[in-house]
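Subject: Structure for your files

Hello,

Here is the structure I said I would pass on. My notes on it follow below.

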Amino acid sequence: MRRSSSPLRRLPQVLLVVAASAAAVAWPGGAAATLWPNVPEQIARALTSGDALERRLAATRVGELAPETAIRLIQRGMSDPDVEVRLHLAGAAVRLRMPRAGDLVIEWLGEGDARLRLAACDVIRAAPTDRSVVALGRVLGDPDPHVRLAAATAMGAAGLPDAVSPLLGHLDDTAPEVRAEVARALGRIGDARAVVPLIGKVQDSVPEVRKATARALGELGDPRAVSALLLALQDASQDVRVEAVTALGRLRSDDATSAIADLVTASPGAAGAFPGARPSDSATSSNDVREAALRALGRIGSDAAVKALLAALAKDNPAAPRSAVRDALVSAGAAAVPALVAALAAAPSANAAAGAALVLGELKAREALPALARGMQRGVVPLRHGLRALGALGDPAALPGVLELLGDGDPAVRAEAIRAATALLDPARPDGRAVDPARALLVDPATAPDEKLALVQLLGRTGSPRAQAALLPLAKARSTPLRLAVIEALGAARAAGQLGAAVDAALLAALDDESADVRLRAAIALSRVAGPGSARPLLQRLTVAAEQDRGALGIALSGALSRADDAGGAKDARDASGKGLVDEVAAAIASAPDAARDALIEGLGRMPGQAAGAALARMASAAPIDDRRKIAEALAGHPEAAAALRKLAGDPDPGVRANAVWSLGAAGDKDALPLLVPLLKDPDVAVAGNAAGAIGRAAGRFGQPARAAAALCAALPDARPYVRANALAALTVAGARCDGDAARDLLARDPAEAVRLAAADHLARSGADDDRRALARCAAEDRNAAVAGRCARAAPPRAPAAGAEDVVVFVVPFDAGRGGSVRDAPAPRAPFALVRADGLMRLGVADRRGELFERGAPRGPIRLTVPAPLVK
């Protein structure tokens, strides 16, 4: 089982996903829901008391209130004569990201109490305005260095050009930490006026200042800084050298390539082991400098830079899962391909050839296939690494050469050949070329058991009827691992005619197996390939099954119903009396126990045709809460029943509303947008967050980015992190953008990881210099590794993967109260937050089985993250 941050496998896999611990801290906005109705009035009254102690106690509780109420009280109390009251209210304003709060504290910058001046800087940093940022200039000369530091930080975070002149006037501050922060602030603002003054600080006496200066020069992106940065490559501090070489990479200065290459060829283990280096006073290793140099060469991407990286491949380990040298060549992109191909045509070392092949594979450089094949034939490219590269290349034209090596005498080569062939096949595009060689090895007694399992998977990936015919006799194999592999392979692609019926029969028989794993794997396979004729037998079995079998049967039935249809009286959809399958499923729902109802409702939702949608709509009006939740989810596949969804979006139960709102994003028409916009302010975070996601999806489908921006930009100041995050992701999906630098501001200052991740994805779609600088700053400075990594990898997105697929997820909670253990079963009605490949989050509660069903999820990784009620 997986932690909630791990990518999840998709249907046909059952997704047993670990949710967040129930011991997590609740989000601030949720606290208001636990207060008595008269508490806000009591706090407001206490803030006007003549007793300073009473006002202080009230100020500490303002953050518990609903954002609208809290902001109103903060505005009134910012001029309180008591310092402690004002400090508490300032902290609340920062936590709430109170709009235009900076204007309320301008006068504090002249207060005698340094705590107030510091608090004013913090408030302005969290909620800057033009007036407040300019006012910070006068405290850059404050006698307290902590205040000066806070002022410089706030000015840099605001990014206003008006801050450049006062900041430049304090580059020589007596406190080195202030000088460093001024340099960082100038880099963040990105004004070219700072370049020449900053060049003068490359020789500052304090390493931290030199380091900040080098980073700032890289952010400014001005070629005038190259000479100074080259000088910094010989700095005594390796931290400074790392920043200097990184900055040269950002400048993409080919003039620096030779000097950077010297850092790559230096001995990785010895400090200062390159020409001209002085003794190191830094804890950073010389290997860190070398890796930074490799990354810089990859960013430069010139012929000389690629040549230097190719030379480094000779000392690289191709067996390592990741390599800084290979990563740098991949970042160089298409510019590196001709040199890599030429290297294979020469006589490189085995390491260099293997590394070059792996890079070409990762670059998906299909034009390099002939060179890779020749290199393997000549013995230049080691077979193991060449096969790994061919698998990554993804070109089906490579399959014949891979299949020739399935019977190689080296077990490692055979294993890599099987993996490569499996990667090159797609069950959606039947390809029988691999069937005969794979089948021959499968029946060979000399083939090792683990290879047989891999060969079964390979046969399933072919999507070929001949492969399924070969696998059918093994469906009852004595070996449980082999039986499981065969069942999964039979579920990889739908077979037609008698073969399809035989596959269905074998999988149906496996549902009676003594092993729960076999029953579950058979159910998953049936959900993918079972013909519509299997729906009725599965329905009958579900209604009479033992409790422990209903989960597997429900999975199988749901998939089978997705391929059945009552339309036009189809023969396989009607029984002997002419009764339609929709009618049978609806009747079964009415009498089924709770353990089966969700599976039946889900199956009816997946069933095509208006009859299924109409049946769900009829049920919704008088259904109990759990049924209504599942119906609201199931109606996502029935646009003709959008009227029922609109009604469910006003349901008293927030779980019903959350599912209905999300489904409207897929099934709603243009008229759904006016309904969704007010729901952005729903008191339930799942409803409001799903409304943001639904607006982005609907606006994207109907080509209305302006309407999306009008609604979603107004939601970015929402106090709830997941509403802000989904609003950003929805803007990205809709192809919309807010005016100004709202997304950059959220990336730099929002306290929530989810919001900063969404902001990084949003900014990656822009080619604007300001957005690129914001991402570079985030990569270098964000303390959250996930966010920094996302910013570092941010790039204009590739075209989305073709198509979408239905996904079933079972939520298995993580229980901090049991020593951090994972429960052994999905949790009914567990809260969840599902992050899709497009960045949108779906929020809500699982059904009575601990399951959620996501219709038409975009292809790509999905994951569960901390549920909305547990996010602070």
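Helix H43 (742-749), helix H44 (753-764) and helix H45 (769-781) are among the elements that cover the buried residues of H46. Helix H46 itself spans residues 785-793, and its buried residues are Val 787, Ala 788, Gly 789 and Cys 791. The N-terminal end of H46 is capped by Asn 784, which places a side-chain oxygen 2.9 Å from the backbone nitrogen of Ala 786.

Please bear in mind that this is a predicted model. The average pLDDT for the chain is 88, and 90% of the residues reach at least 70. Two stretches to treat with care are these. Residues 269-281 have a pLDDT below 50, and in the model this stretch makes 29 contacts beyond near neighbours in sequence. Residues 568-573 also have a pLDDT below 50, with 10 contacts beyond near neighbours in sequence.

Is Glu 243 buried or exposed? Its relative accessible area is 10%, so Glu 243 counts as buried, the cut-off being under 20%. Leaving aside residues up to four places away in sequence, Glu 243 touches Lys 211, Ala 214 and Arg 215. With Arg 215 there is also a polar contact, in which the two side chains come to 2.7 Å.

Regards

Notes. Residues are numbered from 1 along each chain as its sequence is written. This is a predicted model: local features need pLDDT of at least 70, side-chain atom pairs count only at pLDDT 80 or more; totals for chains, interfaces and linings use all residues. Side-chain values use heavy atoms; hydrogens and water are left out. Buried means under 20% relative accessible area, exposed over 50%, partly exposed in between (1.4 Å probe, protein chains only). Helices (H or I, at least four residues) and strands (E, at least two) are DSSP runs, numbered from the N terminus. Contact means heavy atoms within 4.5 Å. A polar contact is a pair of N or O atoms within 3.5 Å; within protein, one must be able to donate a hydrogen and the other to accept it, and residues adjacent in sequence count only if both atoms are side-chain atoms. pLDDT is the predictor's confidence in each residue, from 0 to 100.
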